[in-house]
Every structure is written in structure tokens, then in C-alpha cells.
Amino acid sequence: MQTTPLLERWNRWARGHTGVIDGALAAVLALFGAALHVADARSVAGLFVTLALTLPLAWRRTRPVVAGSLVALAAYAHLLVLPEVLPISAIAVPIAVYALAAYAPRWAANTALPVAVAGGALAGVRYFGYDGRTALEAFVTATFVAVFLAGVWAFGRVRGLRLREMDSLTERNRLLELERLKEAELAATQERTRIAREMHDIVAHSLTAIIAQADGGRYAAATNPEAATGALTTIAETGRRALTDMRGLLSVLREDTPREFTTTPGVGDVPALVEQMRTSGLEVEFSVDGQSREVPEGLGLSVYRIVQESLTNVLKHAGPRARTHVRLDWRPDTLVVEIVDDGRGAAALVEARPGGQGLTGIEERARLHGGRAAAGPRDGGGYRVRAELPAPAVSP
């Protein structure tokens with residue numbers, strides 16, 4: 001039952017300590033080969049070849065090309081200078097061939113195959129021959145050694161492909177995680193932008209209406225107490241509505257409290273918005289051309305906010321007794337929203353709000369739905385805001 005956890009811990013430790021493991025393996029093989037060499041009283045050249053075959057294996061995974069090249073040179077030197085095969089070569093050479101195939105770059109791994117096969121064939125002929133052996137027997141022996149090394153190379157190649165596949169999957173997962181974080185950051189930025197735009201619309205409209213009502217109530221208090229009372233009532237209703245909208249909007253920023261949901265205003269609420277602006281003292285007319293229809297909730301909210309921002313700007317900048325006309329023009333696949341006033345808003349709006357959030361928000365809302373918006377002074381005075389929004393009918 002404990003085998004799997006122990007094996008997993010070993011694998012995790014081994015992946016982080018490959019140099020230690022390979023160094024220990026190389027040291028053990030070097031000591032083993034040297035001990036055999038001393039026991040058999042072999043030549044000093046044989047001892048040097050033994051060390052050259054085994055010590056480079058300490059870098060067989062960290063520097064496979066260097067380690068494999070040193071072992072290959074030692075193996076071919078073995079063929080040239082030693083009359084008898086060293087037992088340690090039967091261990092060191094296959095390990096080096098496997099490491100080159102598994103851990104070296106493709107060019108080095110592909111080069112290792114013919115070098116290993118050629119060396120194995122020469123070793124089979126040189127060291128496993130005896131007097132009286134036929135040419136066929138020599139060929140079979142050489143082929144056996146060469147095929148053995150080719151098989152070791154093939155196993156190493158499979159291991160290398162598996163490692164590269166795992167590295168590719170790891171990199172892919174890293175990139176996917178990075179992409180997910182970027183998307184989350186972008187979504188958070190977009191949400192902050194949306195909240196800032198909604199906050200501006202709510203606060204600017206509500207405060208403008210409240211200020212207008214307060215000024216009107218102050219002037220009417222002495223001569224018309226009923227009008228002053230009506231202005232105070234409108235101020236209270238506007239403040240409560242703005243407070244409710246802000247609570248619903250800000251609740252998305254707090255994870256420790258339940259969200260507060262309010263009805264999202266849409267195209268159908270535009271007449272009520274116009275009437276509310278009339279009570280704030282703005283002379284405004286409202287007209288609808290064409291057959292109205294249901295539109296997506298997001299599009300309806302954008303239409304409402306465009307009208308709201310435009311009327312708020314008229315109330316703040318168009319001057320006293322400015323007349324305004326709000327028109328919704330329903331076309332087959334488009335809704336045209338137009339707000340026109342005849343006041344002095346052209347100069348005042350440009351001076352007071354260069355690049356302000358309001359007009360920028362109108363343009364952003366139009367682009368959000370694939371439409372366009374333009375705002376500017378009219379010929380003959382006044383200001384016009386016009387937005388064209390794709391408005392296909394919503395399927396029931």
C-alpha cells in the first residue's frame with residue numbers, strides 16, 4: 001500500500017537531483033571497473049580506458065553530447081589499443097548510447113546510431129572471434145552486437161520523445177495558465193471600466209437632477225410653496241433611485257455580501273426618463289418613429305444610458321430655456337437614437353468637458369454593440385448626439 005507514495009517521492013527527488021544520481025552511478029562503475037582491472041593485472045592503458053568509459057557518465061543527462069563524445073572516443077581507443085575486451089565496456093557503452101538517444105539534441109542522437117552500430121560491429125569481430133571461426137559466424141556475432149546497441153538506442157529514442165512530449169505539454173499548460181490569467185486581468189479591466197461608466201452615468205445624472213431641483217425649489221420657496229415641496233419630493237426620489245442603483249452596482253465588488261439586483265433600465269424606460277427630466281425643469285419632447293420591438297438587455301441599457309447622459313449634459317450646459325428633442329427611429333435592423341437641443345451647449349460642452357467620461361462613454365457603448373455615435377454642435381446653434389445601433393429583433 002505504501003509503494004506508490006514512496007515511488008512518487010523518489011521520482012520527485014530524482015527529477016531534482018539528476019546530477020547526484022548520475023555522479024554516483026559513474027563513481028560506482030569507475031570503482032568497479034578499476035577493481036576488475038587491478039584483479040586481472042591489466043595494463044595501465046586499460047585503466048585509463050576504464051576511467052574514460054565510466055567517469056563521463058556523471059554528465060550523461062546534464063551534458064549528454066560531451067559525455068557521449070568522450071565515451072565514444074574511449075570506446076574506439078579501446079578497439080585500437082587493447083587486445084582484450086574490458087568487462088566494464090559492456091555496461092558503460094550501452095548507457096552512453098541510451099543517454100545520447102534520450103537526452104541529446106536530435107542531430108547528436110541521430111549521429112550516435114551509426115557510430116554505435118559501427119563500433120559494436122567492429123567489437124564483435126575483434127573481441128568475440130577465435131581461430132577456426134567462419135566468416136558467417138563472424139558476421140552473426142558482429143550483427144548481434146550491432147543490433148543490441150541499435151535496440152538500446154531505440155529505447156533511448158522512445159524515452160527522449162516521451163520527455164519532449166511531456167516538456168511540450170508542460171509548456172502548453174504554462175501558456176494556457178498565462179493566457180487564463182491575462183484573460184482574467186482583461187475581464188477585470190473591462191469590468192472596472194463598465195463600473196466606472198455606470199457610476200458616472202448614475203452619479204452625474206442624479207446629482208444634476210438634484211441640483212436643478214434644489215435651485216428651483218429655493219427660488220420657488222417664497223412664492224410657491226407647493227412647487228418647492230414638489231422639488232423636494234423629486235430630490236428624495238432621485239436620491240433613493242441613485243442610491244439603489246449604486247448599491248446594486250457596487251455589490252459586485254464585494255464578495256462577502258450578497259449581491260443586490262435591481263431592474264436594468266432599457267428602451268421602455270426612456271419615456272419615464274424624459275418625464276423625470278421634465279420635472280427637473282428641462283423642456284424636452286419625445287418621439288418614436290417606426291415600430292418598436294424587443295432588443296437585447298445590454299442594448300436596451302446602452303440606449304437608456306445614451307439618452308440619460310445626453311439629457312444630463314443638456315441640463316448642465318445648454319443654458320436656461322433650452323428646448324430638447326429626443327427621437328428613437330426604429331429601422332429594419334437599426335435603432336437611431338438622436339438627442340438635439342437648441343441651447344448654447346456647443347461652446348459650453350467643449351469648454352467644460354474636453355474628453356470627458358460622458359461623451360466617451362456614449363461612443364464606447366455604441367461601439368460595444370457594433371454601432372457608432374457622433375456628437376457635435378449643430379448649424380444654427382445647439383448640440384446634437386446621434387447614435388446608430390444594430391437592433392435586430394429578439395426571437396421569442
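This is a predicted model: local features need pLDDT of at least 70, side-chain atom pairs count only at pLDDT 80 or more; totals for chains, interfaces and linings use all residues.
Helix H3 (residues 44-54) and helix H4 cross at roughly 150°, and their axes come within 8 Å. Angles over 145 degrees count as roughly antiparallel, so H3 and H4 are roughly antiparallel to each other.

**H3 against H4**

- H3 passes H4 in a left-handed crossing.
- On the H3 side, the residues that meet H4 are Val-49, Ala-52 and Leu-53.
- Their partners in H4 are Leu-70, Val-71, Ala-74, Ala-75 and His-78.

**A look at Leu-70**

- Leu-70 is a residue of helix H4.
- With a relative accessible area of 41%, Leu-70 is partly exposed, as that value falls between the 20% limit for buried and the 50% limit for exposed.
- Leaving out residues up to four places away in sequence, Leu-70 touches Ala-52 and Pro-56.
- Leu-57 is 13 residues from Leu-70 in sequence, and their C-alpha atoms are 9.2 Å apart in space.

**H4 against H5**

- Helix H5 (residues 89-103) packs with H4 at an angle of about 145°, and the two axes are 9 Å apart.
- The crossing of H4 and H5 is left-handed.
- From H4, the residues taking part are Pro-64, Val-65, Gly-68, Val-71, Ala-75 and His-78.
- From H5, they meet Ser-89, Ala-92, Val-93, Ala-96, Ala-99, Leu-100 and Tyr-103.

**H4 against H6**

- The axes of H4 (residues 64-81) and helix H6 (residues 106-127) come within 11 Å and cross at roughly 20°.
- That angle makes H4 roughly parallel to H6, because angles under 35 degrees count as roughly parallel.
- H4 passes H6 in a left-handed crossing.
- H4 contributes Val-65, Tyr-76, His-78, Leu-79 and Leu-80 to this meeting.
- The H6 residues that they meet include Trp-107, Ala-108, Val-115 and Ala-118, and also Gly-119, Leu-122, Ala-123, Arg-126 and Tyr-127.

**Arg-157 in helix H7**

- Arg-157 sits in helix H7, which covers residues 135-220.
- Its relative accessibility is 13%, so Arg-157 counts as buried; the limit for buried is under 20%.
- Setting aside neighbours within four places in sequence, Arg-157 is in contact with Ala-101, Arg-106, Ala-109, Asn-110 and Arg-164.
- Arg-157 and Val-97 are 60 residues apart in sequence, while their C-alpha atoms are 9.8 Å apart in space.

**Ala-366 and Ala-373**

- Ala-366 belongs to helix H12 (residues 357-368), and Ala-373 has its place in strand E4 (residues 372-377).
- At 0% relative accessibility, Ala-366 counts as buried.
- Ala-373, at 22% relative accessibility, counts as partly exposed.
- Not counting residues up to four places away in sequence, Ala-366 touches Gly-371, Arg-372, Ala-373 and Leu-389.
- Ala-373 in turn is in contact with Ile-362, Glu-363, Ala-366, Arg-386 and Ala-387, leaving aside its neighbours within four places in sequence.
- Ala-366 and Ile-306 are 60 residues apart along the chain, with 8.8 Å between their C-alpha atoms.
- The C-alpha atoms of Ala-373 and Glu-388 are 6.3 Å apart, and the two residues are 15 apart in sequence.

**Annotated transmembrane regions**

- The unreviewed UniProt entry gives the annotation "transmembrane region" to residues 20-37, 43-59, 88-104, 111-129 and 135-156.
- Residues 20-37 are 100% helix and 0% strand, and the end C-alpha atoms of this span lie 26 Å apart.
- Residues 88-104 are 88% helix and 0% strand, with 23 Å between the end C-alpha atoms.

**The protein as a whole**

- The secondary structure comes to 12 helices and five strands.
- The protein has 396 residues, of which 37% count as buried.
- Among contacts between residues at least 6 apart in sequence, 73% join residues at least 24 apart.
- The accessible surface comes to about 23100 Å², and 61% of it belongs to carbon and sulfur atoms.

How values were computed:
Residues are numbered from 1 along each chain as its sequence is written. Side-chain values use heavy atoms; hydrogens and water are left out. Helices (H or I, at least four residues) and strands (E, at least two) are DSSP runs, numbered from the N terminus. Buried means under 20% relative accessible area, exposed over 50%, partly exposed in between (1.4 Å probe, protein chains only). Contact means heavy atoms within 4.5 Å. Accessible areas come from the Shrake-Rupley method with a 1.4 Å probe; for residues, only the protein chains shown count as cover. UniProt positions are given in the numbering used here, feature names are shortened, and annotations may be inferred rather than shown by experiment. Axes are lines fitted to C-alpha atoms, for helices over the stretch in contact, and angles run from 0 to 180 degrees between N-to-C directions. Angles under 35 degrees count as roughly parallel, over 145 as roughly antiparallel, 65 to 115 as roughly perpendicular and the rest as oblique. A crossing is left-handed if the near helix is turned anticlockwise from the far one by less than a right angle, and right-handed if clockwise.
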